Amino acid sequence: MLKLDREPKREPAALLDPAMVATTTYTVAAIPTREGWDLKVQGVGKTTCAHLGEAESAARKLITFYTGMPSERILVDVQRV
């Protein structure tokens, strides 16, 4: 009995070029406090972190939480005030 393959063979999808993926840049104002840093994310809200090196990660988590945007599509510009 002859069996026909009705589904065409498909090639796996190519990986997306990061330069071609839409991203959004958020500006973060980092303000020093006694406990660490207050972070004001433009158009999103506020959060805090203990060390300035954690500012990008903390801001990215806040943005992801409120916008639902995937973390890899978010660019963060931290500026000390």
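This is a predicted model: local features need pLDDT of at least 70, side-chain atom pairs count only at pLDDT 80 or more; totals for chains, interfaces and linings use all residues.
Two strands pair if DSSP finds at least two bridges between them. Strands here (E, at least two residues) and helices (H or I, at least four) are DSSP runs, numbered from the N terminus. Residues are numbered from 1 along each chain as its sequence is written, and side-chain values use heavy atoms, with hydrogens and water left out.

Let's begin with E2 and E3, which pair in the antiparallel sense over five bridges. Across this pairing, tryptophan 37 stands opposite cysteine 49 in E3. Three residues sit between the two strands of this hairpin, where glycine 43 takes a positive phi near 80 degrees.

Now widen the view. E2 and E3 belong to an open sheet of four strands, in the order E3-E2-E1-E4 and with mixed pairing. Its edge strands are E3 (45–49) and E4, each of which pairs on one side only. E1 and E4 pair in the parallel sense over seven bridges, and alanine 30 stands opposite arginine 80 in E4.

Next, find the helix. H1 lies across E1, E2, E3 and E4, running at about 130 degrees to E4 (axes are lines fitted to C-alpha atoms, for helices over the stretch in contact, and angles run from 0 to 180 degrees between N-to-C directions; contact means heavy atoms within 4.5 Å).

What holds the interest inside? In soluble globular proteins, nonpolar side chains tend to be buried together. A nonpolar core is a set of buried Ala, Val, Leu, Ile, Met, Phe, Trp, Tyr and Cys residues joined through side-chain atoms within 4.5 Å; buried means under 20% relative accessible area, exposed over 50%, and partly exposed in between (1.4 Å probe, protein chains only). The largest such core has 15 residues, among which Leu39 and Val41 touch the most other members. Elements giving two or more residues to this core are E1 (24–32), E2 (37–41), H1 (55–67) and E4 (74–80), and H1 gives the most, with five.

Glutamate 56 forms one with arginine 60, the closest N and O atoms being 2.6 Å apart. Because they are four residues apart in H1, the two are separated by about one helical turn. Glutamate 56 is partly exposed, at 39% relative accessibility, whereas arginine 60 is buried, at 17%.

Technical notes. A salt bridge is a side-chain nitrogen of Lys or Arg within 4 Å of a carboxyl oxygen of Asp or Glu.
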